[in-house]
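Subject: Structure handover

Hi,

Here is the structure for your files. My notes on its rings and its cavity follow below.

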Amino acid sequence: MFFKRTISKLSDEELLTHYAQSGDTEYFGELYNRYIPLLYGLCLKYLQDEDRAQEAVMQLFEDLLPKLGNYEIKVFKPWLYRVATNHCLQLLRLLSEEESSEDRLKALHHCLEKLPEEQRTSITRFFLEEMSYADIVEQTGFTLNNVKSYIQNGKRNLKICIKKQTL
């Protein structure tokens, strides 16, 4: 109980620092929970569907938790807002050929999980996290040509998989 009261009084930056140093998900969980209403509103604005907005907020948490150490975050709130906006825009972009629907969003998440790890990593970092090829190369150890290939093949495989899932 003492830990819960203490952790809730920490600033965003202190929570980030503690999470980075300890890896204790309680710190990031506390920080993320502060912004769930903001994230939900943002996702609802872009996705125009309550269930999809809730799913996007949960997906963001799951995506960010293991990767947070890869970023140099100076001020959390605007950084998170930008990441969430990009996440929603990328979801819409990947689904833009046809009307976005809950089924297509579920298909996208399902198909992302089906991709080979290298393709999933490259697609996620390039489209959802807006990393450059060079950043992906640096963080993954993949070659530049491999990153380009993983993204190209991953996009093709996603489209094929999504089409099969939504027929």
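Which residues do ring pairs link into a cluster? They are Tyr19, Phe28, Tyr32, Tyr35, Phe61, Tyr71, Phe76 and Trp79.

First, the ground rules. This is a predicted model: local features need pLDDT of at least 70, side-chain atom pairs count only at pLDDT 80 or more, and totals for chains, interfaces and linings use all residues. Residues are numbered from 1 along each chain as its sequence is written, and side-chain values use heavy atoms, without hydrogens and water.

Aromatic pairs

The structure holds eleven aromatic pairs (Phe, Tyr or six-membered Trp rings with centres within 6.5 Å; planes under 30 degrees apart are stacked, over 60 edge-to-face, the rest tilted). Phe28 and Phe61 are stacked, at 5.4 Å centre to centre and 15° between the planes. This pair links distant parts of the chain: Phe28 sits in helix H3 (residues 25-34) and Phe61 in helix H5, 33 residues apart. Helices are DSSP runs (H or I, at least four residues), numbered from the N terminus. Phe28 has 0% relative accessibility, so it counts as buried (under 20%; exposed is over 50%, partly exposed in between; 1.4 Å probe, protein chains only). Phe61, at 24%, counts as partly exposed.

Phe76 and Trp79 form a tilted pair: 5.8 Å centre to centre, 35° between the planes. Both lie in helix H6, three residues apart.

Cavity

There is one cavity of 30 Å³ or more (on a 1 Å grid over the protein atoms alone, points where a 1.4 Å probe fits but cannot get out; lining residues have an atom within 4 Å of a point). The largest cavity holds about 60 Å³ of space. H5 gives the most to its lining, with three residues.

Best wishes

Methods:
On a 1 Å grid over the protein atoms alone, a cavity is a set of points where a 1.4 Å probe fits but cannot get out, and a pocket is an open set with protein on both sides within 12 Å along at least five of seven lines; lining residues have an atom within 4 Å of a point. Grid points are joined across faces, edges and corners, and a volume is the space filled by probe spheres set on the points. Helices (H or I, at least four residues) and strands (E, at least two) are DSSP runs, numbered from the N terminus.
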